[in-house]
Amino acid sequence: MHEQKHIVETVKTGIIEGIRGTGEVVDAAIDTVSGTLVNTLKSTGAVGAALTGTVSDVLRGAILGTAHVGADIRGAAKGGVIGVIRGTQEVGVEAAESIGAGARAVVKSAAEVGGDLGSAARSAVEGSIAGAKEVGLRAEDAASAAATGAIKGAGEVSATAGEEVRRAVTGVIAGVKVVVKEPFKSEERKAR
């Protein structure tokens with residue numbers, strides 16, 4: 001619990017300083033998120049649930065810090081997911097699960113600060129596409145992971161939020177057709 005709070009506060013402070021220093025939200029989020037993830041993952045060796053928890057904490061800090069200075073959280077959502085992709089690539093961690101956890105955290109944190117969940121989710125998907133293209137991953141896979149994570153996070157806020165986010169992240173975003181994975185449906189098919 002202490003480590004979780006420490007990561008959130010460290011990222012929040014870094015984002016606040018970055019935005020105040022340059023005024024650029026996306027770049028501040030990319031740099032702070034990727035740097036914090038790389039340092040944390042190298043020092044802890046986090047995998048599985050610990051990894052997704054770390055990603056969630058880092059992105060929560062990014063959204064909280066951005067909201068604290070009154071900047072647009074869409075930039076933090078997009079830059080934060082790009083930062084997750086860069087950070088996980090640098091330490092050799094598979095990105096899809098981290099992207100989904102990141103988008104989920106973005107939406108839940110946007111709700112926490114009273115932000116527009118649909119816009120935050122769409123920006124997270126845009127970030128996943130840009131980040132994937134940058135490091136040579138399939139943009140469609142990254143977008144699907146982000147959209148699925150965002151919908152899951154919104155569903156944890158409320159059913160209405162879940163529907164709002166589903167509408168925001170379904171279709172073509174940044175030239176990529178986004179397909180939402182329905183884990184419960186695939187589980188039902190396996191049971192047959």
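Visitor: What is the relative accessible area of K108?
Guide: K108 has a relative accessible area of 35% and counts as partly exposed (buried is under 20%, exposed over 50%, partly exposed in between, with a 1.4 Å probe and protein chains only). This is a predicted model, where local features need pLDDT of at least 70, side-chain atom pairs count only at pLDDT 80 or more, and totals for chains, interfaces and linings use all residues. Residues are numbered from 1 along each chain as its sequence is written, and side-chain values use heavy atoms, leaving out hydrogens and water.

Visitor: Which residue does K108 form a salt bridge with?
Guide: That is E156, with the closest N and O atoms 2.8 Å apart (a salt bridge is a side-chain nitrogen of Lys or Arg within 4 Å of a carboxyl oxygen of Asp or Glu). The pair links distant parts of the chain, 48 residues apart, since K108 sits in helix 5 (residues 95-112) and E156 in helix 7 (helices are DSSP runs of H or I, at least four residues, numbered from the N terminus). R104 joins K108 and E156 in a network of salt bridges.

Visitor: And how many salt bridges are there by this rule?
Guide: The count comes to nine.

Visitor: Switching topic, which residues have the most contacts inside the largest nonpolar core?
Guide: They are I99, V125 and V165, in a core of 55 residues (buried Ala, Val, Leu, Ile, Met, Phe, Trp, Tyr and Cys joined through side-chain atoms within 4.5 Å). Helix 7 (residues 139-157) gives this core its largest share, nine residues.

Terms used: Helices (H or I, at least four residues) and strands (E, at least two) are DSSP runs, numbered from the N terminus.
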